[in-house]
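Here are my notes on this one, in numbered points. Have the model open while you go through them.

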Amino acid sequence: MRKCVLVVILLYSVLGTLSAALSIRDGAGVLEGDDYFFAFSAGRTYFNTGFLSFGAIGQSGMIAAFSDPYCMNLSLPAAAGRPRRSDSWNGFMLGHGAFSIAYAVNYRPFLGVSLSSEHMDVAVLHAFGDKTERGYQTDSLSSTSFDTIYMGADLSFGDVKIVTLGSWADEIGFRGFASLGFSHGCFSLFLSSGSLIALTENSSDSTMGISGSFGTEEYLFLFSLSYGTAPVFSNDYRTFSSYASSSLKLGNITIYTESEARFTKSGKRYHTERMSIASDYVSLGYDTAEGFFISLDADHFTIGYEDENAYVGFRYEAIVRNAVIKVSASTDGSLEAGMRIQF
């Protein structure tokens, strides 16, 4: 696998286009040109050649939709992006025009196909069962033990949007989901109902929800609420999740707030909040998980405090003939160095 990837990189490096850049970012080696991008680090490989890409496939697109149909940005076309962590669900995506194929290489294997058009997106995915034994008290809908077929359609008619998703397993039968909504400008409102057979161990347990947005170009508010069923052997708790964010622009100042809460079947409660104020040179705020943070940004220096640690950063850019050299480093351990050559 690594040899094949290196061959592809070599071909793009030799044949090239009008420019190429080699750099180190976030601990990863990066090679990029006008129509290709490669990033390599321990356990977090990603590349995109336009028609073929490899990376994290569970963060958006059909995988995220079938895993959590109550997510804020529901979409069906397959997508592969840069991994956010080393244990990402990785896979290949082959795309040509509106047609794309996705294939997973770790965790639960699957093969998915999506097709996009101006008014409709459709997707079909076959997820293979992991063949593990289910406990007696495990809800079959929350198990990934069964081979499961997922299918979906996303239809748009002007300001009206309809999403229908379905899942089928011989051992369980059919489970479906539907969402109906209206959006115009910054205003939107969607009502959703239903549930799907679990695609991952952390798939959504929700069975109904509401989401939407309203505001203007200067102020935007987003929200979502979803509810689930009670546990199989208890009526004490129901799944519940909520999300809200707002952004207010006052000249060159932006005030941002975000809040998220979850209440699980087992009775555990998770709650996070974040508020920040940012301008061209200063940003500060508070996060319930990381605490107080502040950043002062000058021409070549950055001074800040985040996650209970102070840091100082430096960056420099130089142009030497047909090459642009950029270097940045910080006392928090981050280092970026790169060079772009114009042919």
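1. Over which residues does pLDDT stay under 50? That would be residues 1-18, for which the model has 21 contacts beyond four places in sequence. Here pLDDT is the predictor's confidence in each residue, from 0 to 100, and contact means heavy atoms within 4.5 Å. Across the protein, pLDDT averages 79, and 75% of the residues score at least 70.

2. Some ground rules. This is a predicted model, in which local features need pLDDT of at least 70 and side-chain atom pairs count only at pLDDT 80 or more, while totals for chains, interfaces and linings use all residues. Residues are numbered from 1 along each chain as its sequence is written, and side-chain values use heavy atoms, with hydrogens and water left out.

3. The overall make-up: the protein has 2 helices and 24 strands. These are DSSP runs numbered from the N terminus, with helices being H or I of at least four residues and strands E of at least two. Of the 343 residues, 34% are buried; buried means under 20% relative accessible area, exposed over 50%, and partly exposed in between, using a 1.4 Å probe and protein chains only. If you take contacts between residues at least 6 apart in sequence, 35% of them join residues at least 24 apart.

4. Now the core. In soluble globular proteins, nonpolar side chains tend to be buried together. A nonpolar core here is a set of buried Ala, Val, Leu, Ile, Met, Phe, Trp, Tyr and Cys residues joined through side-chain atoms within 4.5 Å. The largest one has 28 residues, and Phe-66, Phe-110, Leu-125 and Leu-199 touch the most other members. Two or more residues come from each of helix H2 (62-67), strand S7 (99-104), strand S9 (120-127) and strand S11 (160-169). H2 gives the most, with 4 residues.

5. Ala-102 is worth a look in strand S7. With a relative accessible area of 3%, Ala-102 is buried. Beyond four places in sequence, Ala-102 touches Ala-78, Phe-92, Met-93, Phe-110, Leu-111 and Gly-112. Gly-112 sits 10 residues away along the chain, with 5.0 Å between its C-alpha and that of Ala-102.

6. On empty space: rolling a probe the size of a water molecule over the atoms shows where it is left. A search of the whole structure turns up 1 cavity of 30 Å³ or more, and the largest cavity holds about 50 Å³. On a 1 Å grid over the protein atoms alone, a cavity is a set of points where a 1.4 Å probe fits but cannot get out, and lining residues have an atom within 4 Å of a point. Grid points are joined across faces, edges and corners, and the volume is the space filled by probe spheres set on the points.

7. Which residues line the largest cavity? The lining includes Phe-66, Ser-67, Pro-69, Tyr-70, Leu-196 and Ser-204. It divides into 5 nonpolar, 6 polar and no charged residues, where Ala, Val, Leu, Ile, Met, Phe, Trp, Tyr, Cys and Pro count as nonpolar, Asp, Glu, Lys and Arg as charged, and the others, Gly among them, as polar. Ser-204 lies in the loop between strand S13 (187-194) and strand S14 (206-215). Apart from neighbours within four places in sequence, Ser-204 contacts Ser-67, Asp-68 and Tyr-70.

8. Ser-245 is in strand S16 (residues 240-250) and counts as buried because its relative accessibility is 4%. Leaving out neighbours within four places, Ser-245 is in contact with Leu-220, Phe-221, Leu-222, Tyr-256, Thr-257 and Glu-258. Ser-330, in strand S23 (residues 323-330), is also buried, at 18%.

9. Most residues other than glycine have a negative phi. Asp-307 has a positive one, near 55°, and Glu-308, in the loop between S21 and S22, has a positive phi near 65°. Is each residue buried or exposed? Asp-307 is partly exposed at 45% relative accessibility, and Glu-308 is exposed at 64%.

Methods:
1 Å grid on protein atoms, 1.4 Å probe; cavity = no way out; pocket = protein on both sides within 12 Å on 5 of 7 lines; lining within 4 Å.
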